[in-house]
Amino acid sequence: MVTDPIADYLTRIRNAQMAGHRIVEIPASNLKKRITEILYNQGYILKYKFEDDTKQGLIKIALKYDVNSKQPAIRSLERISRPGLRHYAKPADIKRVSNGLGIAILSTSKGVMTDKEAKANNVGGEVLCAIA
């Protein structure tokens with residue numbers, strides 16, 4: 001049993017990139033599916049596929065690497081809010097990630113969205129993770 005599924009999600013992606021894998025499989029949940037869609041829309045992953053083969057389902061993510069240097073597109077994955085210490089932010093208090101080059105993913109009352117979308121919609125929420 002995993003006590004922090006978002007940290008497990010981020011760790012699986014991080015470990016797959018460090019090992020140079022092209023595809024990573026992650027157990028699915030609605031929150032993880034939405035985070036995957038955000039990563040795809042922001043250009044951090046090549047593509048993704050949701051499979052409902054098992055009881056829980058799987059998310060298959062094709063990781064993105066730079067063609068010349070073989071460096072992963074995701075430079076850093078950081079879990080901000082965790083079960084032991086939740087981190088909430090008002091719209092004015094949402095901090096930029098990597099001086100605006102990265103994104104923070106928030107869970108708000110209007111759904112899971114990026115920091116820029118949350119500021120545009122003037123909603124705050126729980127800061128789940130930061131990606132650069």
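Let me begin with a term: a residue counts as partly exposed when its relative accessible area falls between buried, under 20%, and exposed, over 50%. Keep that in mind for E25. E25 has 41% relative accessibility, so E25 is partly exposed. One caution before we go on: this is a predicted model.

Now, salt bridges. How many salt bridges does the count come to? Seven.

E25 sits in strand 1, residues 23–27, and K60 sits in strand 3, residues 58–63. The two parts are 35 residues apart in sequence, so this pair ties them together. And K60? At 26% relative accessibility, K60 is partly exposed too.

Next, R86 and E126. Their side chains meet in a salt bridge, 2.9 Å from N to O. R86 is in the loop between strand 4 (77–79) and strand 5 (88–89), while E126 is in strand 8, residues 125–131. Here the parts tied together are 40 residues apart in sequence. Is E126 buried or exposed? E126 is buried, because its relative accessible area is 12% and the cut-off for buried is under 20%. R86, at 42%, is partly exposed.

These bridges can also link up.

R12 and D8 form a salt bridge, 3.0 Å from N to O. Both are in helix 1, residues 5–19. They are four residues apart, so about one helical turn separates them. R12 is partly exposed, at 32% relative accessibility.

Now to the inside. In soluble globular proteins, nonpolar side chains tend to be buried together. What do we find here? The largest nonpolar core has 25 residues. Those with the most contacts inside it are Y9, I13, I35, L39, I61, I105 and I131. Which elements supply at least two residues each? Helix 1, strand 1, helix 2 (30–41), strand 3, strand 6 (103–108) and strand 8. Helix 1 gives the largest share, five residues.

Look at I105 on the model. Leaving out residues up to four places away in sequence, I105 touches I35, I38, V112, M113, E126, V127, L128, C129 and I131. Notice E126 among them. That is the salt-bridge partner of R86.

Terms used:
Residues are numbered from 1 along each chain as its sequence is written. This is a predicted model: local features need pLDDT of at least 70, side-chain atom pairs count only at pLDDT 80 or more; totals for chains, interfaces and linings use all residues. Side-chain values use heavy atoms; hydrogens and water are left out. A salt bridge is a side-chain nitrogen of Lys or Arg within 4 Å of a carboxyl oxygen of Asp or Glu. Buried means under 20% relative accessible area, exposed over 50%, partly exposed in between (1.4 Å probe, protein chains only). A nonpolar core is a set of buried Ala, Val, Leu, Ile, Met, Phe, Trp, Tyr and Cys residues joined through side-chain atoms within 4.5 Å. Contact means heavy atoms within 4.5 Å.
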